Amino acid sequence: MKTWNIAGLVLLGVLILAGVWVLAGRGTTQSQGAQVIASTIVSTTTPKTQVEILPSDNPLENMANPVTVSHQNSVFSPASVKIKAGQAVKFINEDTNPVWIASGPHPSHTNYPGFDALKGMAKGESYLFVFNKVGTWGYHNHLAPGEKGTVEVVE
Ligand SMILES: [Cu+2]
């Protein structure tokens, strides 16, 4: 009887240790995930000059890791980016005035058919576009055509 109790206690102890180990393991995984997300945000928002990113073969991955261009104080930043074909660019409006991203020339937007948000986006909204065509593509804010930027797409 006494032996059985000791065996039961040992088994209980092992179960508790296993539970703690599983919980600790989950906690580590979550914090690593948060670090990866944080470093991605930092790396996509810091560059102020030209950036070049190798796209992966996976279109969904290219959509998930876009080059970021922000519109702030009526200026696109960075104003020109250089990317590989297949790379996504995410245009984010950080101004209170709406921004409508569109390919040149204004107002026909015919240089790169499809590269046109077709509407203004409010502050905090973004427009994601995957550039598959090689070339230098000028774009502008259709609601303030003097505000311009360039996306250079290379092989
Ligand atoms: Cu326009």
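Trainee: Which residue in β8 is the bridge partner of valine 81?

Mentor: In this predicted model, valine 81 has valine 151 of β8 as its bridge partner. The two strands concerned are β3, residues 80-84, and β8, residues 144-154. They pair in the parallel sense, with 5 bridges between them.

Trainee: Which residues of β3 lie on the covered face, and which on the uncovered one?

Mentor: Val81 and Ile83 make up the covered face of β3. Ser80, Lys82 and Lys84 belong to the uncovered face.

Trainee: In what sense do β7 and β8 run, and how many bridges join them?

Mentor: Strand β7, residues 135-141, runs antiparallel to β8, and 7 bridges join the two. As an example, threonine 136 has glutamate 152 in β8 as its bridge partner.

Trainee: In what order do the strands of the open sheet stand?

Mentor: The order is β3-β8-β7-β5, an open sheet of 4 strands with mixed pairing. Its edge strands are β3 and β5, the latter spanning 101-103, and each of them pairs on one side only. On average, neighbouring strands in this sheet are turned by 30° against each other, with direction ignored.

Trainee: Where does pLDDT stay under 50?

Mentor: The general idea is that where pLDDT is low, the predicted coordinates should not be read in detail. Here, pLDDT stays under 50 over residues 9-48. For that stretch the model has 6 contacts beyond four places in sequence.

Trainee: What is the average pLDDT of the chain?

Mentor: The chain averages 78, and 65% of the residues score at least 70.

How values were computed: Residues numbered from 1 in each chain as written. Predicted model: local features only at pLDDT ≥ 70, side-chain atom pairs only at ≥ 80, totals over all residues. Buried ≥ 20, exposed ≤ 12 C-beta atoms within 10 Å, placed from the backbone. Pairing = 2+ DSSP bridges. Axes fitted to C-alpha atoms, helices over the stretch in contact; angles between N-to-C directions. pLDDT = per-residue confidence, 0-100. Contact = placed C-beta atoms within 7 Å.
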